[in-house]
Amino acid sequence: MDFIIEAVVKAVKDLYQTDVAADAVNLQETRKEFEGQVTIVTFPFTKVSRKGPEQTGTEIGEYLKANVQEIASFNVIKGFLNISIADAYWLSQLNNNILADDFAVVKPNGKKVMVEYSSPNTNKPLHLGHIRNNLLGFSLSEILSAAGYEVVKANLVNDRGIHICKSMLAWQQFGNGETPQSSGLKGDHLAGKYYVWFDKAYKQQITELIEEGQTEEEAKKNAPLIKQAQEMLQKWEAGDEEVISLWKTMNGWVYDGFAETYKALGVSFDKYYYESDTYLLGKDIVEEGLAKGVFFKKDDGSVWIDLTEDGLDQKLVLRADGTSVYITQDLGTAQLKYNDYHMDESIYVVGNEQDYHFKVLFLILEKLGKSWAKGLYHLSYGMVDLPSGKMKSREGTVVDADDLMADMYSTAKEQTDAAGKVEGLSDSEKDALYHTIGMGALKYFLLKVDPKKRLLFDPNESVDFQGHTGPFIQYTHARIKSVLAKAGYKGVAFTSTDALDPVERDLIVSLTKFPETIAEAAKGHSPAVVANYIYEVAKNFNKFYHEKSVNQAETEDLKQFRMQLSAATANVIKRGMKLLGIQVPERM
RNA sequence: GGUCCCGUAGCUCAGUUGGAUAGAGCAACUGCCUUCUAAGCAGUAGGUCUUUGGUUCGAAUCCAAACGGGAUCACCA
């Protein structure tokens with residue numbers, strides 16, 4: 001639409017002898033109730049025209065109509081100049097742009113970006129919150145890739161620490177040698193079972209100690225189980241063979257479990273980092289910071305940074321005993337990642353409960369003078385809440401990822417079978433279809449809302465399959481494929497028609513917005529932008545479909561045109577959904 | 001208490017750098033399947049955009065305050 005902006009600038013210059021900046025021209029979509037596709041707000045020009053908004057609009061409109069070929073007509077309502085662009089323009093958009101092989105294909109921009117997401121703890125299975133994280137990270141990676149970036153998907157696995165030892169200890173004491181094979185339990189669920197077990201037994205010990213007269217604080221420190229877990233952690237750090245062996249075994253189970261969940265989710269990674277490898281990193285950065293005077297040492301030997309001038313607090317970066325804290329590792333890992341890939345941008349997909357941590361982390365790296373610090377970005381997403389409040393693993397109020405996906409599958413199966421549309425499909429085809437639809441519903445449900453906002457999930461209300469949903473869009477795609485099959489669509493050919501019907505024009509207009517939507521989603525780090533756009537496309541198609549027949553088109557030319565338009569729509573839907581990590585079926 | 005985020009229809013959400021009578025979906029109510037897939041289409045009803053003040057031609061959008069909700073302020077990760 002740049003040509004309209006340029007024309008308006010020229011119009012103002014010729015009519016009122018005044019130069020206006022291109023970005024002062026306010027273009028927006030014309031509202032449905034008025035005629036036209038593009039609207040210019042004329043209030044800003046009344047100052048230079050010294051006339052009322054209506055007269056100014058009329059003058060600019062007449063100028064545009066006389067001087068710009070693509071502008072067919074206009075109307076002015078109050079301060080709004082509504083412009084109708086000639087059908088020929090939209091048709092050429094379809095033929096030369098939308099149907100082209102390279103439509104919305106962006107050339108590599110030469111920039112590399114790392115997206116770190118998922119980053120699970122290996123002591124318990126994934127839950128709904130992790131699903132949101134995984135889907136966001138994967139989708140954002142797809143979007144950035146489509147926007148021209150070279151993307152590295154990274155997973156920083158939290159595979160060590162006291163919480164891992166808790167599961168290990170509980171298994172050692174109560175497990176009786178249980179394995180995924182012996183129990184039929186998925187590995188991550190097995191580990192999670194013992195994690196919960198530990199917590200229960202630990203709480204029991206605390207209660208007993210309190211009854212014996214200890215304060216709660218004392219009891220928490222003195223409970224035998226927590227002491228044993230701490231001992232185990234020390235042994236782990238010392239490389240104790242028995243502990244390391246158990247650790248490897250249990251983590252192995254968990255990884256097998258995660259692999260299954262990741263596969264079902266359809267996410268993948270290019271690079272795994274393990275905290276067992278990185279937890280000691282960062283100490284050299286602490287040295288660097290001390291040398292540069294960015295950090296300072298307290299009398300007890302602990303190292304700190306003072307961020308009070310930046311409105312934050314003093315922050316510990318190294319304990320007095322020389323051991324790392326969370327942020328020490330993250331400083332080191334950030335450097336490691338940069339050394340490995342030299343990326344221009346690095347995105348952390350992490351919940352908004354860690355906003356403060358990342359603010360501090362990025363600020364420290366900036367103060368250390370890291371040239372790459374300005375490319376760091378925290379994609380801070382909102383928590384997934386249940387009607388009862390926040391999910392808590394230890395209290396069992398979580399929606400388990402595997403359970404939820406299984407539920408989605410069976411709901412999809414019910415709905416699909418009830419609709420009676422799977423006749424003739426083999427069992428494996430049906431299975432794939434149920435999975436596609438179930439996951440489509442779940443993924444779309446989670447991705448359509450702005451990542452920054454918290455999200456409410458009610459386990460008692462099933463995820464919708466109607467309306468503004470994944471299955472609605474998938475259905476639209478399948479419908480198009482069905483129409484094209486019946487119409488005998490053969491592929492791309494140049495199409496023409498005399499005049500566009502509004503429903504056809506609206507559909508073309510929405511398709512032209514695909515490239516800018518990808519750019520906007522990439523810039524805003526928001527899959528929701530894509531999700532809402534694809535919904536608009538699907539809605540426009542269904543409206544078109546309802547009003548105009550492809551097969552029964554009045555002329556052969558018109559039929560060709562409508563087939564092309566339908567095929568182009570299916571293509572945009574398919575590619576747009578792919579950016580969300582959602583597959584679309586050929587029939588459903 | 002300090003800092004940060006959020007508040008749009010009964011519910012779940014859109015709403016670009018300020019622009020027209022604030023839009024969808026679900027739920028409710030009406031129509032439309034002998035015509036390309038009704039997981040669809042069309043329609044009715046539902047709003048003091050939390051409140052108050054400010055900025056201006058014009059505010060859901062920007063600023064300030066209040067109220068309400070959430071997060072965080074660990075030598076946990």
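Predicted model: local features only at pLDDT ≥ 70, side-chain atom pairs only at ≥ 80, totals over all residues.
Residues are numbered from 1 along each chain as its sequence is written, chains are lettered from A and ligands numbered from 1 in the order in which they are written, and side-chain values use heavy atoms, with hydrogens and water left out.

Start with the whole chain. The C-alpha trace of chain A spans about 90 × 65 × 40 Å along its principal axes. Its secondary structure comes to 22 helices and 15 strands; these are DSSP runs, helices being H or I of at least four residues and strands E of at least two, numbered from the N terminus. Of the 588 residues in chain A, 52% count as buried, meaning under 20% relative accessible area with a 1.4 Å probe, protein chains only.

Now zoom in on an open sheet of 3 strands, ordered 8-9-10 with antiparallel pairing (two strands pair if DSSP finds at least two bridges between them). Strand 8 (296-297) and strand 10 (314-318) each have a single partner strand, so one side of each is left without a neighbour in the sheet. Strand 9 (residues 303-306) is joined to strand 10 by 4 bridges, and D306 has Q314 in strand 10 as its bridge partner.

What lies across strand 8, strand 9 and strand 10? That's helix 13 (residues 283-291), which runs at about 125 degrees to strand 10. Axes here are lines fitted to C-alpha atoms, for helices over the stretch in contact, and angles run from 0 to 180 degrees between N-to-C directions; contact means heavy atoms within 4.5 Å.

Methods
Buried < 20%, exposed > 50% of the residue type's maximum accessible area, 1.4 Å probe, protein only.
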